[in-house]
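Visitor: I would like to go through this model with you, one question at a time. Could we begin with the terms and then turn to the packing?

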Amino acid sequence: MVREQGQREVFCGLTGIIWLHRKIQDAFFLIVGSRTCAHLMQSAAGVMIFAEPRFATAILEERDLAGLADANDELDREVARLLERRPDIKLLFLVGSCPSEVIKLDLSRAAERLSRVHAGRTRVLSYSGSGLDTTFTQGEDAALAALVPDMPTLPLQEGAAEGGADSATDLLVVGALADVVEDQLGRLFAALGVTRVHFLPPRKAGDLPPVGPGTVMLLAQPFLGDTARLLEARGARRLSAPFPLGEEGTTLWLKAAADAFGVPADRFDSVTEAPRARACAALARFRGELDGRRLFLFPDSQLEPVLARVLSRELGMVPVEVATPYLHRGLMGPELALLPPETRLVEGQDVDAQLDRCRAERPDLTVCGLGLANPLEAEGLTTKWAIELVFTPIQGYEQAGDLAELFARPLRRAGLLKV
């Protein structure tokens, strides 16, 4: 593995709001930032002018940045106006940005103050979405980590040994999933006999799941290192498994939970047989288009090793380089074990050096951020937007074909456009 340090090309953590604001239906994300933050979110989310989104930007003006106005007083006024206009808001996130961090605006203290002011009506939390030293998926990690201290405590059942195999009573699935995916996974767990299943984040702010020594957790996303650490500090035990992308990953992910709850092997096989067959059939439709195609992944979302595993093992693609912004070996160990041994793995980014390697390799498909896609397309390389892989439901058996199609589509387009 190679570690690189240099200029990076990634979105900031604010963009995590784009999928989180749709997930927690009575929450609101108030960015404390600049007009640039507001323009980024408006354009990235594609919010129409007549929509009623669950996020906004409290814009720091020049007077705030110069210290000529009390930003806390102005923030208090904006929050009061927002909650008066939107009484449906039960959870308000104050989201820090580069400008708010530069002027050292203490949003954690502001959240505590506003929670007292609006007690009984709206809970106020804070987290940083600044892009100074993060990549865009870490916005979700920071938001979920902010929820952990408010989660109720799950007591250990009487007679159960703390941390032992018999102590597991509740399964916690961690990571924002599309509702349809969450429902599918819930039905599979119920069929396996695992009935006490909770999801973080919940769909309603008041439905925060309990956590304690009886909790085992499965991460649905690979970029939740801080959230996992805080949940472990609350007594939860993390199950080590590949992530639920593709048929193989989903099966191994479910098997980790089944083993933790003592599900018999024959029951696991009977429950998963039909959806596994559907996933394999869906993937087979695209293997002919992807088999043998060379793949180059720029670091963007931290999903890169997971995607490389699915695309190489289930669709026959050849990962030339797999780069990821940060590599958490504790979380990624099962994924790294399944990558082809010759895979060039890169942590971090020196964008100029990586662009040189990509141009030299001339891969069939390059997965990268929006800022690099158009220039590379102009040079004759076929690209796939990395950010689309976070916005699109791709987890679970029923979405395996959709995941494969996301990579087949740009290759088809390139074939149609070839003169």
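Guide: Contact means heavy atoms within 4.5 Å, while helices (H or I, at least four residues) and strands (E, at least two) are DSSP runs numbered from the N terminus. This is a predicted model, in which local features need pLDDT of at least 70 and side-chain atom pairs count only at pLDDT 80 or more, whereas totals for chains, interfaces and linings use all residues. Residues are numbered from 1 along each chain as its sequence is written, and side-chain values use heavy atoms, with hydrogens and water left out.

Visitor: Which residues of H11 does H8 meet?

Guide: The contact involves Leu 188, Ala 190, Ala 191 and Leu 192 on the side of H8. Their partners in H11 are Arg 267, Phe 268, Val 271 and Pro 275.

Visitor: What is the angle between H8 and H10, and how far apart are their axes?

Guide: In this pair, Leu 185, Leu 188 and Phe 189 of H8 meet Trp 253, Leu 254 and Ala 257 of H10, and the contact comprises 6 nonpolar residues, with no polar and no charged ones. H8 packs against H10 (residues 246–260) at an angle of about 40°, with the axes 11 Å apart.

Visitor: Where does Gly 193 lie, and is Gly 193 buried or partly exposed?

Guide: Gly 193 is in the loop between H8 (179–192) and strand E7 (197–200). Buried means under 20% relative accessible area, exposed over 50% and partly exposed in between, with a 1.4 Å probe and protein chains only. With a relative accessible area of 42%, Gly 193 is therefore partly exposed.

Visitor: Why is helix H7 largely enclosed by the rest of the structure?

Guide: The covering elements include H1 (17–23), E4 (91–96), E5 (123–128), E6 (170–174), E7 and H9 (225–233). Among the buried residues of H7 are Glu 140 and Asp 141. H7 (residues 138–147) is largely enclosed because the buried residues number 8 of 10.

Visitor: Which residues have the most contacts inside the largest nonpolar core?

Guide: A nonpolar core is a set of buried Ala, Val, Leu, Ile, Met, Phe, Trp, Tyr and Cys residues joined through side-chain atoms within 4.5 Å. The largest one has 104 residues, and those with the most contacts inside it are Phe 93, Phe 189, Leu 231 and Phe 407.

Visitor: Which residues is Thr 366 in contact with, leaving aside its neighbours within four places in sequence?

Guide: Thr 366 is placed in strand E13 (residues 365–368) and counts as buried because its relative accessibility is 0%. With neighbours within four places in sequence left aside, its contacts are Phe 296, Phe 298, Cys 358, Leu 376, Thr 382, Thr 383 and Lys 384.

Technical notes
Axes fitted to C-alpha atoms, helices over the stretch in contact; angles between N-to-C directions. Nonpolar A, V, L, I, M, F, W, Y, C, P; charged D, E, K, R; others polar.
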